[in-house]
Amino acid sequence: MPYGTREIDNGAHALRTRLTDDVGPVVERFRAADGLWSGWGVAPRLWVEEVAAGADDARSVRRRRAELTRAVPVRRGLRAVVLRYSDGRADLVLVARRDRLDRRGLELVAGHLADGLPLVVPTDLAEHVAPVPAAVPWGEGDAGRAGEWGHHDLPLDGAPTAQEWIGWMAALGVVLARYENTDRPVVGFRRLAVPPEVADERGGAVVVPLDGATTADRLVTDLADLVAGPVEATVPVGVGVVVGSPDGNPRSEYVPYPVPPFPLTVAAASADGRPVLRWSHRLDAVSPDRVARFARHAAAAHALLARPEADVRAIDVVSDEERRRIVAAGRGPRPTSTGARRIEEVFRERAAKQPDAVALVVEGREIGYGELDSRSTGLANALRHKGVGVGDHVGVCLERSADLVVCLLAVLKAGAAYVPMDPDYPAGRLSSIAENAGLAVVIAECDAVDAFAHAVTVEELEAVDGDAEPVDAGVADTAYVIHTSGSTGRPKGVAVSHANVAALIDATADDFGLGPADTWTMFHSVAFDFSVWELWGCLLTGGRLVVVPYWVSRSPVEFLGVLEKAEVTVLSQTPSAVAALIDAMKGRSVTLSTRLVVLGGEALDPRVLLRWFDIRPDCRVVNMYGITETTVHVTAQTVTRRAALEGSRSVGAPLPGWHVYVTDRDGRVQPFGVPGEICVGGAGVAKGYVNAAPSDAERFVPDPFAGGVMYRSGDWGHLTPDGRLVHRGRIDSQVKVRGFRIELEEIRAVLLGEPAVREAAVVVRSDQEDPTTARIDAYVVLDAPLEVRALRATLADRLPAFMLPAGITVLDLLPLTVNGKVDVAALPDPRSAVRTAPVRAASSTERVLVELWSAEFGVPVGADDDFFELGGNSLRAVRLVAALRGRGGAVLAVQDLFRHTTIRRLSELLGSAAMSS
């Protein structure tokens with residue numbers, strides 16, 4: 001606002017002093033307090049410009065107007081200019097970004113500068129800091145274009161009246177409800193249809209009550225009643241309509257918003273002399289194509305709301321033609337081609353073609369396809385003699401070994417479905433799985449037989465002699481039942497058919513070039529569905545499968561040795577596990593044969609792959625999104641170095657035979673770019689949950705677009721016009737902390753954007769009895785030295801105050817679960833209570849171990865402290881074992897540390913021989 005300073009006594013120096021000495025420190029104080037004004041990278045400065053004309057000259061008026069409407073740099077926040085005219089008069093022009101100061105706050109600063117009035121203390125001025133406009137979750141803006149604006153115009157027959165503006169607000173609410181999956185969308189406004197003497201210049205926001213409206217006229221009536229009573233909120237979309245004149249102060253002139261007040265602001269304008277509805281959008285928040293789509297949907301909603309009796313909740317802004325394009329984009333490029341086959345049938349044909357080819361490599365021992373086929377047939381006959389029939393469920397609780405693979409094949413040949421049970425699972429979970437699946441038989445290790453009813457060992461099965469009648473089983477029969485975490489705390493069994501697995505192999509074999517020349521690793525637990533891809537992807541295409549022992553899979557360095565020695569060509573990993581593997585390559589001369597890396601199981605930030613591309617530039621890396629209930633994989637995206645540099649979140653297009661839809665809460669497909677729940681249909685959809693009818697009804701629902709059944713994943717994402725799926729995390733990963741809705745993945749992405757940060761995890765913790773204690777904790781693994789204080793400053797520059805983590809903990813490695821995902825439960829609590837005085841070490845061995853453990857955990861450790869209670873995990877165990885070897889100590893295996901979890905017990909294992917210190 002220009003503030004007339006006709007009698008400033010040529011006081012530019014005094015103004016500059018007040019701006020620098022008074023306003024500058026206020027800005028600094030606000031930058032340090034709760035994130036207010038944190039966007040002001042530098043304090044404001046005063047510019048003095050000479051105008052060769054009198055104050056009332058037309059040229060001076062134009063110059064003043066130009067200064068009023070000139071944009072303010074993002075990092076400065078406030079611009080102060082003195083225009084000195086040839087007649088000795090002067091104007092002080094102040095322009096502030098709306099996300100820094102509102103009108104009243106600007107007047108306070110102007111009064112201080114021009115009249116020498118005392119500047120209010122920061123706590124008072126804080127009331128006049130305008131809310132920071134919210135991010136636009138469906139905007140997909142260009143982060144490199146901060147401070148730039150774009151415009152999209154829709155022709156109008158005439159300038160909207162006050163009542164028509166209410167209708168447009170209702171239309172915005174209808175579209176936002178669809179885009180944000182809510183019944184109560186919030187629309188911002190600036191002086192809409194209220195007299196200026198009543199309006200608060202900051203405007204406000206109105207909740208559009210779609211959940212209470214039944215007809216269009218009722219909604220518009222309710223909305224008109226609400227406009228005079230704005231609520232406090234930061235909103236992404238709003239209307240900007242100024243009614244009335246300035247406040248009557250003859251010394252000042254006010255321009256309402258040279259910068260639009262919302263990331264997407266709708267206002268009346270003129271283009272080529274014709275009235276238009278102008279959609280101004282921040283280019284770093286909303287892309288032009290998203291604005292055009294939003295405007296089209298708003299116009300459609302506005303037209304439908306013009307019918308007074310229209311049912312508001314039934315309004316669909318997506319046209320039939322647009323819906324057909326969206327559904328078509330979410331289909332795989334072709335149907336599966338070879339037809340459904342049973343797994344053991346395909347394997348039997350493969351074994352007949354290459355009986356002498358190596359099928360399995362287990363700790364150096366090679367087993368051919370013919371031998372594997374023969375052994376599994378014998379065990380299948382034994383299972384039939386034990387009473388196992390078609391459709392039965394057979395538990396398999398074995399360590400990773402040749403016997404494990406033989407037994408899985410045998411169960412299928414017997415016509416039954418295998419139920420994998422990881423021997424490392426707690427007894428309670430194994431019991432729940434057995435109860436849920438209704439197991440006919442459990443094949444278990446000798447020392448675990450007594451834990452199960454109807455248990456049998458491999459040796460007992462091999463002792464059974466004689467053939468059995470051939471089974472009459474079909475492709476629709478269940479092949480396996482894998483149990484996943486359930487919301488009730490009990491595991492849910494997912495029944496997957498032979499046809500599902502056959503479709504997966506058929507959909508990927510040609511594209512990935514899978515065949516007998518490949519060597520795979522079976523890295524993952526058989527109870528994790530990624531193992532289905534590794535096991536059958538290899539054996540059904542004739543490859544060689546290297547079974548990786550559990551303890552080797554926990555040690556990236558040892559696993560790297562397996563990859564080199566076995567000349568592995570196809571590697572499957574979770575993003576967390578591959579990050580650890582890449583880290584293990586640092587400083588080593590590595591010779592790998594890997595031509596294909598398949599990533600899955602959790603969200604990928606592709607920036608972790610940059611070092612991999614340096615090591616293996618010719619290796620194809622494919623990121624695959626998938627769900628246990630849809631047979632391991634759903635989409636595939638080849639990740640390039642460019643995509644890694646850009647941090648792309650695309651998980652690619654659906655596999656042939658799979659369909660992907662993104663829907664709102666009512667099951668309607670979302671427009672391109674608009675987030676919703678990811679639903680999957682087609683060849684990969686499993687048969688359902690075992691003994692869980694309510695869950696089936698909720699998750700496995702009719703596919704309204706292609707027939708059959710689709711699976712509601714509970715994942716959040718959006719579809720692009722070229723058919724790629726962008727995964728945006730779990731729906732339930734949106735959390736609330738102190739009333740703010742927060743997406744944890746957004747915080748993690750900012751952390752990973754810091755060059756020194758290699759890996760990151762973000763969690764929310766709270767006392768279950770007191771939800772107000774909720775806080776965000778971040779964990780990072782660094783590639784280079786970086787102060788936590790500097791990292792916090794980076795976050796403060798990118799995130800609002802309510803999203804800043806309360807604590808940032810630097811770890812050497814992120815803990816992983818047995819499935820290779822980040823083990824959230826194993827992340828150390830930064831607020832751990834002060835521990836009691838540790839028990840002193842009694843021997844030289846104990847003293848060395850205490851020193852190593854204390855360095856690893858960052859706290860004083862005693863001889864009787866438990867490894868897991870300190871926050872231990874498999875990766876910490878690997879580090880401690882390596883550290884002990886580096887000190888010249890006795891060789892200790894990782895599993896030893898897991899079995900002897902205190903220093904005292906480890907010392908007894910190692911003996912009390914003196915060790916170098």
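In this predicted model, G150 stands opposite H281, a residue of strand β10. The points below begin with the strands around that position and then turn to contacts between side chains.

**Strand pairing**

- Strand β5 (residues 149-155) and strand β10 (residues 274-282) run antiparallel and are joined by seven bridges.
- Strand β10 also pairs with strand β9 (residues 264-271), in the antiparallel sense and over eight bridges.
- Within the pairing of these strands, W279 in β10 is the bridge partner of V266.
- Two residues lie between the strands in the hairpin of β9 and β10, where D272 takes a positive phi near 55°.

**Aromatic contacts**

- The count of aromatic pairs comes to 14.
- One of them is the stacked pair of F347 and Y369, with 5.7 Å centre to centre and 25° between the planes.
- This pair links distant parts of the chain, since F347 belongs to helix α9 (residues 343-353) and Y369 to helix α10 (residues 369-385), 22 residues apart.
- F347 and Y369 are both buried.
- F700 and Y711 form a tilted pair, at 5.0 Å centre to centre and with 50° between the planes.
- Because F700 lies in strand β29 (residues 700-702) and Y711 in strand β30 (residues 709-719), their pair ties together parts that are 11 residues apart in sequence.
- F700 has a relative accessibility of 12% and so counts as buried; Y711, at 4%, also counts as buried.

**Salt bridges**

- The count of salt bridges comes to 47.
- In one of these, the side chains of R375 and E462 meet at 2.8 Å, N to O.
- R375 lies in helix α10 and E462 in helix α13 (residues 458-462), so this pair ties together parts 87 residues apart in sequence.
- E462 counts as partly exposed, at 44% relative accessibility.
- E846 and R904 form a salt bridge whose closest N and O atoms are 3.6 Å apart.
- That pair links distant parts of the chain: E846 is in helix α24 (residues 844-857) and R904 in helix α27 (residues 903-910), 58 residues apart.
- E846 is buried, with a relative accessible area of 5%, whereas R904 counts as partly exposed at 24% relative accessibility.
- One network of salt bridges that share partners joins R178, D316, D320, R323, D664, D666 and R668.

Definitions and conventions
Residues numbered from 1 in each chain as written. Predicted model: local features only at pLDDT ≥ 70, side-chain atom pairs only at ≥ 80, totals over all residues. Heavy atoms only, no water. Pairing = 2+ DSSP bridges. Helix = DSSP H or I, 4+ residues; strand = E, 2+ residues; numbered from the N terminus. Phe/Tyr/Trp six-rings, centres within 6.5 Å; stacked < 30°, edge-to-face > 60°. Buried < 20%, exposed > 50% of the residue type's maximum accessible area, 1.4 Å probe, protein only. Salt bridge = Lys/Arg side-chain N within 4 Å of Asp/Glu carboxyl O.
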